[in-house]
Amino acid sequence: MPFPYVLLSAAVSLDGYLDDTGPERLLLSSPADFDRVDEVRASVDAILVGAGTIRADNPRLLVNSPERRAARVAAGRPEYPLKVTVSGSGDLDPDANFWHTGGEKLVFTTDKGAERARALGLAADVVPLGPDLDWRRLLEHLYEVRGVRRLMVEGGGTIHTQLLQQGLADELQLVLAPLFVGDPDAPRLFGPGAYQPGRLRLTETRRIEDVVLMRYEPTAPGTGPLPTAADHHWLALACDLAAECPPSRTAFSVGAVIVAADGTELARGHSREGDDPVVHAEEAALAKLDPADPRLATATVYSSLEPCAHRSSRPKPCARLILDAGVRRVVTAWREPDTFVTGADGSGLLAGRGVEVVVLEEYAERAKAPNDHLLR
């Protein structure tokens with residue numbers, strides 16, 4: 001099920017704190033950065049904060065610029081993004097600014113929490129997620145029911161931690177403020193626990209007055225049937241590589257990327273790469289690696305089209321090459337049609353040998369685009 005693009009936004013002190021323990025909120029950003037945040041808010045479909053953030057900071061979560069609000073309306077969008085909060089207990093303050101400013105509001109909670117939240121008479125839709133809070137169900141609802149394509153998450157630290165740990169954050173926008181808090185009782189941005197492995201990719205740094213904005217993307221693949229945000233990034237890259245293939249009337253254009261468990265890109269390839277007119281994408285990528293590379297056993301292969309199970313141009317199809325390499329996880333966008341091989345089922349061959357095959361069908365059209373001439 002597709003999810004919105006999830007953007008985590010936060011400002012921290014040099015020693016990693018979101019706030020101090022004083023009665024007033026500690027302002028970490030600069031005026032220019034507050035304007036940048038306003039610009040980001042104006043660009044998204046929804047803004048989410050936890051109930052704890054509403055209690056602690058009493059935010060309005062508005063787009064403050066009249067020009068930006070007018071631009072949203074001119075584009076056929078609501079004046080303000082949807083405001084979303086999450087509360088397992090449904091214990092919410094009906095007098096908080098959150099409910100009395102801006103546009104539509106939405107509360108996600110548990111079955112028990114929904115009873116309590118509805119009894120408060122909040123000017124908001126209340127959506128129970130079951131006996132426990134479930135982030136995947138929440139994101140599915142936002143995408144499918146509310147049409148949210150970009151979600152900005154402004155806190156607090158527990159929510160940021162959970163989304164990163166579950167591999168559901170597409171981007172982290174972190175502002176570093178030039179001060180120290182030094183109070184062990186003050187809230188930190190991230191809590192302890194098992195995070196996705198590996199390093200995040202730094203995509204931008206920007207000085208904004210006396211603070212620094214850093215933008216990161218997670219890189220580590222998932223480890224099972226549930227896709228992570230990084231799985232989406234890598235599969236999108238594989239689809240982009242497919243567009244680089246020399247055109248052919250007798251073979252598909254496919255892109256492939258092999259990624260280690262820590263998010264390191266090991267190799268990439270595409271159909272008919274180099275001087276080989278019949279090489280397949282997965283085959284081209286695997287050929288660039290030492291077959292004895294121990295990272296292959298925990299790597300993920302991303303392919304815009306499922307690896308082939310039958311071929312006449314080589315002794316081994318790509319599914320067999322993947323099995324021989326010891327790879328145990330494959331993410332693909334599109335099942336092979338009967339254009340050249342009837343009943344092709346590379347995914348079935350791999351799954352039958354214990355490989356986890358994840359199909360992200362929302363990328364199918366991107367994978368098909370370089371092959372439109374074959375599918376007409």
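Cores and salt bridges in a predicted model

Q: Leaving aside its neighbours within four places in sequence, which residues is phenylalanine 108 in contact with?
A: In this predicted model, the residues counted here leave aside those within four places of phenylalanine 108 in sequence. Phenylalanine 108 is then in contact with Val84, Thr85, Val86, Ser87, Val127, Leu129, Leu133, Leu138, His141 and Leu142.

Q: Which residues of the largest nonpolar core touch the most other members?
A: In soluble globular proteins, nonpolar side chains tend to be buried together. The largest nonpolar core here holds 30 residues, and those that touch the most other members are Leu48, Phe108, Leu138, Leu142 and Leu151.

Q: How many residues apart are arginine 146 and glutamate 104, which link distant parts of the chain?
A: The side chains of arginine 146 and glutamate 104 meet in a salt bridge, at 3.0 Å from N to O. Arginine 146 sits in the loop between α6 and β6, whereas glutamate 104 sits in the loop between α4 (97–100) and β4, and the separation is 42 residues.

Q: Is glutamate 306 buried or exposed?
A: Glutamate 306 forms a salt bridge with arginine 335, with 3.9 Å from N to O. Arginine 335 has 44% relative accessibility and therefore counts as partly exposed. Buried means under 20% relative accessible area, and because glutamate 306 has a value of 3%, glutamate 306 is buried.

Key. Residues are numbered from 1 along each chain as its sequence is written. This is a predicted model: local features need pLDDT of at least 70, side-chain atom pairs count only at pLDDT 80 or more; totals for chains, interfaces and linings use all residues. Side-chain values use heavy atoms; hydrogens and water are left out. A nonpolar core is a set of buried Ala, Val, Leu, Ile, Met, Phe, Trp, Tyr and Cys residues joined through side-chain atoms within 4.5 Å. Buried means under 20% relative accessible area, exposed over 50%, partly exposed in between (1.4 Å probe, protein chains only). Contact means heavy atoms within 4.5 Å. A salt bridge is a side-chain nitrogen of Lys or Arg within 4 Å of a carboxyl oxygen of Asp or Glu. Helices (H or I, at least four residues) and strands (E, at least two) are DSSP runs, numbered from the N terminus.
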